[in-house]
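Here is a briefing on one protein structure. Look over the sequence and the model, then read the notes grouped by topic.

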Amino acid sequence: MSSPLSTWELLHWVATKPTRSTREDLDALLARADFTQVARDVLVSGTTSEKTTALRVLRELTSPEAHALARLALRDAAADVRALAARALVSAQDAADWRSLQEALDDTAPSVQHAAMDSLARMNPVAASDLFLERFERAPEAEKLNALATAQRLGLPESGALARLGLASASSTIRAAAVDLVAREGEATEGLLIHLLTDASENVQLHALRTLTYRAHVPASVFVPLLAASSSPPVRAQALQALILRRDASTCEPVCRLLTDPDASLRRRAILATERLGCTSATPTLLEMLARTRDEDERADLVAALGGLGGPEAWEALRQALSDESPRVRRAAIIAWASDVAPPDATTVLLERLRGAPDTETRKAVALALMNCRPEVAHRALRLALEDSVPEVRRMAVRALGLKASPEALQTLRDHQATERDPDVLRHLDAALERRQAPGDTPIWAASPAERLLFDPARTEQSVAQWIAVPERYPATERFYFYEGGHLERQGTDGRVDAFQYTAIEDQLRVHPQGAPERSTAFTVTPAAPPHRFRLELAQDVLTGTEAPRTLHFIEPRQADTEPVDGD
């Protein structure tokens with residue numbers, strides 16, 4: 001029988017194991033009576049990984065000896081060790097600990113400085129706030145940014161004063177960070193934020209503009225001047241988004257002027273804006289653009305906008321778009337014809353395409369669009385899809401009917417089982433028919449996350465949902481805004497905004513980046529704890545174009561605005 005590991009051997013094993021150390025590993029070290037002595041030796045002569053492992057355990061201890069070891073580690077040569085040592089002092093109350101952390105503010109590594117600020121602010125928010133203010137004017141840029149970020153994250157008492165010092169900086173990076181801190185103070189700072197829309201820096205303007213965009217009571221008149229050609233394209237795009245959210249039809253005239261803008265991205269945003277604002281006066285211009293432009297993405301946006309605005313000429317053009325050479329344009333036309341505002345003959349038009357479209361993808365898209373119509377229309381469409389010559393279309397219909405699981409849908413599947421010959425379709429048939437629903441249960445289709453609109457998984461009736469990459473890091477996290485109608489924005493942690501179009505049909509999310517091929521992945525939307533939270537799980541991260549899975553988090557709005565509450 002092998003002898004048990006010594007405390008040093010256990011610490012070395014945890015520090016060098018190929019997978020990340022677990023809570024159980026750290027607890028095992030914490031339970032050792034001689035751990036503190038071993039940690040002292042490791043912090044003097046161990047490797048960086050051994051030192052950081054020891055400090056992760058020391059964070060759990062509040063003894064003077066543990067704090068003394070953390071102070072010792074603040075002088076280590078490795079920045080990772082120094083940063084973790086600063087975090088290990090977060091529960092300290094001793095004056096020596098405070099002095100050591102204060103000295104760590106002069107560390108040349110931003111990560112150490114950030115950790116020291118965080119611990120100081122958590123130990124004594126008032127004293128830390130005063131300290132940050134006193135050091136601010138003579139501090140280097142990295143320290144100023146860390147101070148502003150810490151004040152924002154932890155809501156320090158003198159955040160407002162710190163933000164105003166930041167706004168007086170010559171550095172646009174610091175001014176932009178100060179804007180984010182000012183935004184925490186609520187409506188009282190809106191006048192200041194509006195004034196910052198005239199800042200010389202585009203970055204500062206954007207930070208102020210994004211905050212004002214999601215404050216519903218800020219009038220549209222604030223944003224209209226920013227649509228002028230003198231503004232930068234990102235500023236104009238964000239101002240346009242602010243007007244879209246306000247649904248103020250009085251802004252149609254300046255918005256429509258953007259339809260001829262040379263910037264393709266801005267032009268596409270303006271196309272979609274005309275529909276959301278109800279700018280019926282734009283219909284002739286949109287029709288002329290549809291006849292003239294050959295850009296596939298722009299033409300699909302034009303079809304979507306015309307579908308929302310309606311009118312006899314628009315629907316005639318959309319009838320022709322159902323046979324367009326571009327799959328993207330055909331899909332947009334199908335979605336328009338399946339909408340609630342489509343003409344009375346819309347079902348007949350789509351059923352004709354389901355029978356006669358020469359390509360498989362169009363027939364699938366029509367069947368899926370009709371599936372969300374009235375039950376009798378949906379069932380009729382799926383029965384037609386079961387008669388399709390292509391197994392892929394029949395398989396899709398089987399899956400859709402299986403999800404509904406109504407007696408009529410199951411009987412249709414049983415009837416079809418007798419004539420189906422494709423092995424793959426038969427496997428899906430068997431799986432669908434095996435799902436038997438107990439009496440009184442909620443139908444499968446009613447609870448299925450795949451049946452929910454992607455932009456509104458909680459059925460909040462919001463026009464936009466904000467998905468967060470890392471809730472614990474709000475507001476310093478990557479965000480994705482899904483807008484009703486298929487507009488998607490990705491906002492990086494650097495403030496950059498990328499715009500796409502998206503469609504969500506059944507359990508497939510398709511993202512259409514400008515100038516790049518369409519990307520598609522399976523997705524699920526599921527409730528998460530605590531209440532009013534949801535998880536969006538992507539089989540592949542089509543949002544950034546990688547093959548790795550991706551999870552985003554949605555926080556259901558509690559109030560009229562669309563800003564989420566702070567992290568989990």
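How many of the six residues of strand β5 (residues 508–513) are buried? Five of the six are buried, so β5 is largely enclosed by the rest of the structure. Buried means under 20% relative accessible area, exposed over 50%, and partly exposed in between, with a 1.4 Å probe and protein chains only. This is a predicted model: local features need pLDDT of at least 70, and side-chain atom pairs count only at pLDDT 80 or more, while totals for chains, interfaces and linings use all residues. Residues are numbered from 1 along each chain as its sequence is written, and side-chain values use heavy atoms, with hydrogens and water left out.

- Helices (H or I, at least four residues) and strands (E, at least two) are DSSP runs, numbered from the N terminus.
- Two strands pair if DSSP finds at least two bridges between them.
- β5 pairs with strand β6 (residues 519–528) in the antiparallel sense, over four bridges.
- Within β6, Ser520 stands opposite Arg510.
- β6 also pairs with strand β7 (residues 533–538), antiparallel and over six bridges.
- Ala528 has Arg533 of β7 as its bridge partner.
- β7 in turn pairs with strand β8 (residues 550–555), again antiparallel, over six bridges.
- Arg533 stands opposite Ile555 in β8.
- In a regular strand, side chains alternate between the two faces of the sheet.

**The loop between β5 and β6**

- Glu518 lies in this loop.
- Its relative accessibility is 34%, so Glu518 counts as partly exposed.
- Glu518 touches Arg331, Arg510, Val511, His512 and Pro513, not counting residues up to four places away in sequence. Contact means heavy atoms within 4.5 Å.
- Glu518 and Gly545 are 27 residues apart in sequence, and their C-alpha atoms are 9.9 Å apart in space.

**Nonpolar cores**

- A nonpolar core is a set of buried Ala, Val, Leu, Ile, Met, Phe, Trp, Tyr and Cys residues joined through side-chain atoms within 4.5 Å.
- The largest core has 145 residues. Phe132, Phe223, Leu240 and Leu286 touch the most other members.
- Leu286 touches Leu259, Ile271, Thr274, Leu302, Ala305, Leu306 and Leu309, leaving out residues up to four places away in sequence.
- In soluble globular proteins, nonpolar side chains tend to be buried together.

**Helix α2**

- In helix α2 (residues 23–30), the buried residues are Asp25, Leu26 and Leu29.
- They cover an arc of only 95 degrees around the axis, which puts them on the same side of α2. The arc is that of the directions from the helix axis to the C-beta atoms.
- The buried residues of α2 pack against α1 (7–16), α3 (35–45) and α4 (48–58).

- Arg353 lies in helix α22 (residues 346–356).
- Arg247 lies in the loop between α15 (233–246) and α16 (252–257).
- Arg247 has a positive phi of about 50 degrees, although it is not a glycine.
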